[in-house]
Amino acid sequence: MIKELGLKKFQSDANGIYILSKIQIENIAEDFLKILAPKSLKNILPTPMGQIIWKLKKNYKLDFIFSKDLDQTDDGRKIFGEYRNKPPKIFLDKSFKIVERTGWKFIIAHEIGHYILHSNIKNRENIIKDTRDNLLKVNHQANKNEFDWIEWQANKFASALLLPKKTFLFSIDKLIASDIGYGYPHDYLFVDGQPCNLKTYWDIIAVLRSTFDLSEKIIRFRLIDLGKLKDERLYKKNTQDVLYNLMVKLFK
Ligand SMILES: [Zn+2]
């Protein structure tokens, strides 16, 4: 997969961690979808995680285990997901029921991000244990160590996989231009305390939720990340704080 995605062309640091920008991660996620679920780049539909998991199992010998209690880290934090390198395996804690539309898709997408981007890291344990803290690394600038850095990369990959930039932006623009947002004065979603703006906001979020089969929090996360949501109710907080708080709610 690493070869297919042409990752070797990217620079990496002394420990084999690729030095990647947000845009480069977007492009890697898009190339990944081209190989495993090309329809999701052309049609407006949820990223077919079941199909992706099945193909990764069958064609790339990446194993998935959903039935294990992943327990806690040594310092008492609950482990939600895990990536083991040798042989490659992804674990999802059994408390996440696949049928429920909670954070499971994000965790699996995050672990796939580790598989794609972090299989060749040197001088590290071959197991990445993901607690809530790891799934909250949304601020690139604040990342001070390699651990933060790889978690940030996996999170960027996950949101780009679940909500592909092209189809997601197309959907927003279409919704804003539709009857729901008729006469909308912005090319992004705007919300403040006014009832009419709140109504438009919730109507558009509801359509996006059902279109992409994801929770409101993941949709909001991606909207803010792509600069497509201005929430005046949060005007005092900066974007990274808003993203962080959303992820806290998602994995509480
Ligand atoms: Zn992680």
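Two strands are taken to pair if DSSP finds at least two bridges between them. With that in mind, the pairing of the strands can be followed one step at a time. The model is a predicted one.

The protein has nine helices and six strands. Of its 252 residues, 33% count as buried. Among the contacts between residues at least 6 apart in sequence, 65% join residues at least 24 apart.

Four of the strands form an open sheet with mixed pairing, and their order is β1-β3-β2-β4. At the edges stand β1 (63-65) and β4, each with a single partner strand, so one side of each has no neighbour in the sheet. On average, and with direction ignored, neighbouring strands of this sheet are turned by 15° against each other.

Strand β2 covers residues 79-84, and strand β3 covers residues 89-92. These two strands pair in the antiparallel sense, over four bridges. Within β3, lysine 89 is the residue that stands opposite arginine 84.

β2 also pairs with β4, again in the antiparallel sense, here over five bridges. Glutamate 82 has lysine 129 of β4 as its bridge partner.

Which way do the side chains of β4 point? Along this strand, residues 127-131, they alternate between two faces. Ile128 and Asp130 point to one face and are buried.

Helix α4 spans residues 104-117 and helix α5 spans residues 146-162. Their axes come within 8 Å and cross at roughly 120°. Angles of 65 to 115 degrees count as roughly perpendicular and those over 145 as roughly antiparallel, and α4 and α5 are therefore oblique to each other. The crossing in which α4 passes α5 is right-handed.

Which residues of α4 and α5 meet? From α4 come Lys105, Phe106, Ala109, His110, Ile112, Gly113, His114, Ile116 and Leu117. From α5 come Gln153, Ala154, Asn155, Phe157, Ala158, Leu161 and Leu162. Sorted by class, this contact of α4 with α5 has ten nonpolar, five polar and one charged residues.

Methods:
Residues numbered from 1 in each chain as written. Predicted model: local features only at pLDDT ≥ 70, side-chain atom pairs only at ≥ 80, totals over all residues. Buried ≥ 20, exposed ≤ 12 C-beta atoms within 10 Å, placed from the backbone. Axes fitted to C-alpha atoms, helices over the stretch in contact; angles between N-to-C directions. Parallel < 35°, antiparallel > 145°, perpendicular 65-115°, else oblique. Left-handed = near helix turned anticlockwise from the far one by under 90°. Contact = placed C-beta atoms within 7 Å. Nonpolar A, V, L, I, M, F, W, Y, C, P; charged D, E, K, R; others polar.
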